[in-house]
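Hi,

Here is the structure I promised to pass on.

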Amino acid sequence: HNQSPSRSSSPQGRLYVTQAVASEVVAGSPLGSAAAQALSRPMAPAARGLRSTGTTPQAVPDTTIAGLPAFRQPRGLRATHPLASQLHTAWLALGGATLVGGLALAWRQRGGAAGPLHSEAPVAPGGELGPEAPSPAPPVRRKTIYLVRHGETEMNCWLGRQPYGVWGRKTRAEKRAADPGLYDTKLTANGINQAKALAEQVKHLDKVPDVIISSPLTRALQTTQFGLRSVFPDVPVEVDARVAERVWHCSDYGSDPAVLSKQFEGVTGFERLPRIWWWRDVGSDDPQARSSKDEPPAEFVARLKSFLQDVAQREEETIAVVCHWGTCIALTGQSLHNCQIVETDLSDLQPSADTGLTYYD
């Protein structure tokens, strides 16, 4: 016992007296002199087979008593006095209770103080009792992310009708002037068919999503409705404006969340959104008031980083995210087709504007 006043003040002295007592008890046991010799051998200050790890379970090496087979000490041990390793060895070999009773009796006969054989305090590297060691950080849980781009929209079709190469040569001012004004654009009939075909694909996913997170833009919510909720009706769905498209055109302006909540019943998160929740550089109360420029890439990437940080703290381990071309290319560097789905690990998503996001700027 580490509080006995009858022992030497040095660690080796404390161990020597206690080892002598243990040797006397074990010598008369069925183990005979071999175990007594094993217990009375000089011992390094640090305990063999135990580590100063607080309450964190640790693997410990095999321990051998002379003449007996090796055994593995149990996991999950608290940090203990160096004597604990030897006592634990003898405990398992003799059956435990008999040895402890004998040790306690011999200890009291020598005038030692009664008390627990194990100390709850950790062992410092030199064998002395030290402060409680901090527990290591919990292991990082892997999170599977399914990224889905929405189906074909009215704006996709309009852009596709622009003469090849002409649109790309226009300045941003010219593009804003040519914007057809398709606010919060919807899926076309073909886009709905694409979303229904997506539903057939997700039936074969390796993992069922624990939650579905959708952009609040209508095209993403429609894709969620036809492509995922039809297959996973019991999986919760919520909206998060941080995965909405980077604001380039009027099609990237959203709708009133009060209206959206009625159109997409059962989807949560609308109550957290302000009436005008998308990026703008104008202060007008008119939701269709046009910005004078595109959403800055740095601000777009910043909201994606914020989103991923929150996802990392969530309990769910498999998450489907229904979003947009700009969102996907900023996260992965891949230009996804309409209703394409990719599987990735959360740790592989690194938002950046240098992945092709600004190619059309």
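Pro297 touches Arg246, Ala353, Thr358 and Asp361, leaving out residues up to four places away in sequence. Bear in mind that this is a predicted model. Pro297 belongs to helix α11, which covers residues 297-313. Between the C-alpha atoms of Pro297 and Asp354 there are 9.4 Å, although the two are 57 residues apart along the chain. Is Pro297 buried or partly exposed? Its relative accessibility is 24%, so it counts as partly exposed, given that buried means under 20%.

Helix α11 turns up again around helix α12, as one of the elements covering the buried residues of α12. Strands β3 (144-149) and β7 (318-323) are also part of that cover. Helix α12 runs over residues 325-332, and because 7 of its 8 residues are buried, the rest of the structure largely encloses it. The buried ones are Trp325, Gly326, Thr327, Cys328, Ile329, Ala330 and Leu331. Just after α12 comes Gly333, with a positive phi of about 80°.

The other spot I looked at is Ser214, in strand β4 (residues 211-214). With a relative accessible area of 0%, Ser214 is buried. What does its side chain make a polar contact with? The partner is the side chain of Thr224, at 3.4 Å. Setting aside neighbours within four places in sequence, Ser214 is also in contact with several other residues, among them Ala220, Leu221, Glu238, Val239, Asp240 and Val322.

Cheers

How values were computed. Residues numbered from 1 in each chain as written. Predicted model: local features only at pLDDT ≥ 70, side-chain atom pairs only at ≥ 80, totals over all residues. Heavy atoms only, no water. Helix = DSSP H or I, 4+ residues; strand = E, 2+ residues; numbered from the N terminus. Buried < 20%, exposed > 50% of the residue type's maximum accessible area, 1.4 Å probe, protein only. Contact = heavy atoms within 4.5 Å. Polar contact = N/O pair within 3.5 Å; in protein donor to acceptor, adjacent residues only side chain to side chain.
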